[in-house]
Each structure stands twice: as structure tokens, then as C-alpha cells.
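Subject: The structure, and what turned up in it

Hi,

Here is the structure to look through when you have a moment. Please open it next to this message, and then read on.

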Amino acid sequence: MKKTPLAPGRRSNCPIVCSLDLIGDRWTLVVVRDLFRGLTKYGEFLAGAEGIPTNVLAERLVRLEKARMITKVPYQENPPRYAYQLTARGRGLARIVGALALWGQRNLPGTALDPELFRTLSAMA
């Protein structure tokens with residue numbers, strides 16, 4: 001079997017490894033979840049119960065934009081402020097986020113599924 005050369009910045013050609021390198025840390029899917037919930041602004045993400053640090057949020061938003069999973073749209077010029085929204089590529093995570101939510105509800109006592117979020121994810125899957 002011929003080995004395919006690695007793309008720059010990749011540690012593997014495995015799609016699971018590459019996907020986890022993009023979204024597999026402890027914060028990225030929380031940001032994506034919040035986008036599915038309708039949050040769009042930096043301050044809204046910061047106000048989440050999980051308490052994402054500002055430097056981590058900024059880095060995740062840049063990473064997701066660079067991966068073309070979100071876009072940012074200016075809503076204020078001075079100082080510059082942006083609203084974030086999922087692209088078609090980002091919305092493609094609906095089934096994955098929904099499956100994680102269901103798995104967590106079924107297997108992790110004390111968790112609660114957000115019915116509105118689950119309806120949104122199910123409609124997009």
C-alpha cells in the first residue's frame with residue numbers, strides 16, 4: 001500500500017484524526033453548540049455557563065473561520081465588532097453535535113438535553 005504524503009500542518013491523513021485536530025478539544029464544539037443555539041456575538045459566547053476564557057474563545061473563532069466553518073460579519077465599525085455564523089460546512093456538524101447530546105443524556109447521569117437545541121439539530125441533520 002502506497003503511503004500518501006501528509007498535507008502541510010497535518011500529523012495524519014486519517015479523517016478521524018484530522019477532524020479531531022480541528023474540533024476535538026474541550027472548547028470548539030461548545031462554541032459550535034452555541035452557534036446552533038443562535039448565539040452570534042463574542043460577549044454571548046463568553047456569558048455561557050461553561051466559562052470559556054477570552055483568549056481561548058478568540059483562538060477558536062479564528063480557527064473555525066480559517067477552516068471555513070464559520071464566517072464573521074461586521075455589525076459595528078468603531079470599534080469593529082462582528083457577528084459569527086455557521087457556514088454550510090459548520091452546519092454539517094449538526095448530526096455529530098446531536099449524537100453527542102443524545103449519548104451524553106443517555107450515559108451521563110445528571111445531564112439534560114436542551115429540547116430546543118435538539119430540535120434545531122434534528123431539523124438540520
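Predicted model: local features only at pLDDT ≥ 70, side-chain atom pairs only at ≥ 80, totals over all residues.

The buried ones are Thr28, Val31, Val32, Arg33, Asp34, Leu35 and Phe36. After the helix comes glycine 38, with a positive phi near 100 degrees.

Two of those residues come up again in the largest nonpolar core. This core has 22 residues, and Val31 and Phe36 are the ones that touch the most other members. At least two core residues come from each of α2, α4, β2, α6 (94–107) and α7 (115–124). As general background, nonpolar side chains in soluble globular proteins tend to be buried together.

If you click on phenylalanine 36, you can follow its contacts beyond four places in sequence: Leu86, Gly90, Arg91, Leu93, Ala94, Val97, Leu117, Thr120, Leu121 and Met124.

**Salt bridges**

How many salt bridges does a search of the whole structure find? There are 10. Three of them are described here.

- Arginine 63 pairs with aspartate 25, with 2.9 Å between the closest N and O atoms. This pair links distant parts of the chain, 38 residues apart: arginine 63 is in helix α4 (residues 54–66), while aspartate 25 is in the loop between α1 (15–23) and α2. Aspartate 25 counts as partly exposed because its relative accessibility is 24%, and the cut-off for buried is under 20%.
- Glutamate 50 and arginine 33 meet through their side chains, at 2.9 Å from N to O. This pair also links distant parts of the chain, with glutamate 50 in the loop between α3 (42–46) and α4 and arginine 33 in helix α2, 17 residues apart. Glutamate 50 is partly exposed at 40% relative accessibility, whereas arginine 33 is buried at 18%.
- Arginine 60 and glutamate 59 form a salt bridge at 2.5 Å, N to O. Arginine 60 is buried, with a relative accessible area of 12%, and glutamate 59 is partly exposed, at 34%.

**Cavity and pockets**

The count comes to one cavity of 30 Å³ or more, and the volume of the largest cavity is about 60 Å³. Its lining is made of Trp27, Val30, Val31, Asp34, Phe45, Gly48, Glu50, Gly51, Ile52 and Leu57. Which helix gives the most to this lining? It is α2, with three residues. By type, the lining residues are six nonpolar, two polar and two charged.

The largest pocket holds about 500 Å³ of space. It is lined by 16 residues, and the closest to its centre are Arg33, Val97, Leu100, Ala101 and Leu117. Helix α6 gives the most to this lining, with six residues, and α2 is also among the elements that supply at least two. The lining divides into 10 nonpolar, three polar and three charged residues.

The second largest pocket has a volume of about 270 Å³. Pro8, Gly9, Arg10, Arg11, Pro15, Cys18, Ser19, Asp21 and Leu22 line this pocket, and they divide into four nonpolar, two polar and three charged.

**Backbone and loop details**

The peptide bond from asparagine 78 to proline 79 is cis, with omega near -5 degrees. Proline 79 sits in the loop between β1 (70–76) and β2 (81–86).

Arginine 68 has a positive phi of about 60 degrees, although it is not a glycine. This arginine 68 belongs to the loop between α4 and β1 and is exposed, with a relative accessible area of 53%.

Finally, alanine 47 is in the loop between α3 and α4. Alanine 47 is exposed, at 64% relative accessible area. Its C-alpha atom is separated by 23 Å from that of glutamate 77, 30 residues apart along the chain.

Happy to go through any of this with you.

Best wishes

Conventions:
Residues numbered from 1 in each chain as written. Heavy atoms only, no water. Buried < 20%, exposed > 50% of the residue type's maximum accessible area, 1.4 Å probe, protein only. Helix = DSSP H or I, 4+ residues; strand = E, 2+ residues; numbered from the N terminus. Salt bridge = Lys/Arg side-chain N within 4 Å of Asp/Glu carboxyl O. 1 Å grid on protein atoms, 1.4 Å probe; cavity = no way out; pocket = protein on both sides within 12 Å on 5 of 7 lines; lining within 4 Å. Points joined across faces, edges and corners; volume = space filled by probe spheres on them. Nonpolar A, V, L, I, M, F, W, Y, C, P; charged D, E, K, R; others polar. Core = buried A, V, L, I, M, F, W, Y, C linked by side-chain atoms within 4.5 Å. Contact = heavy atoms within 4.5 Å.
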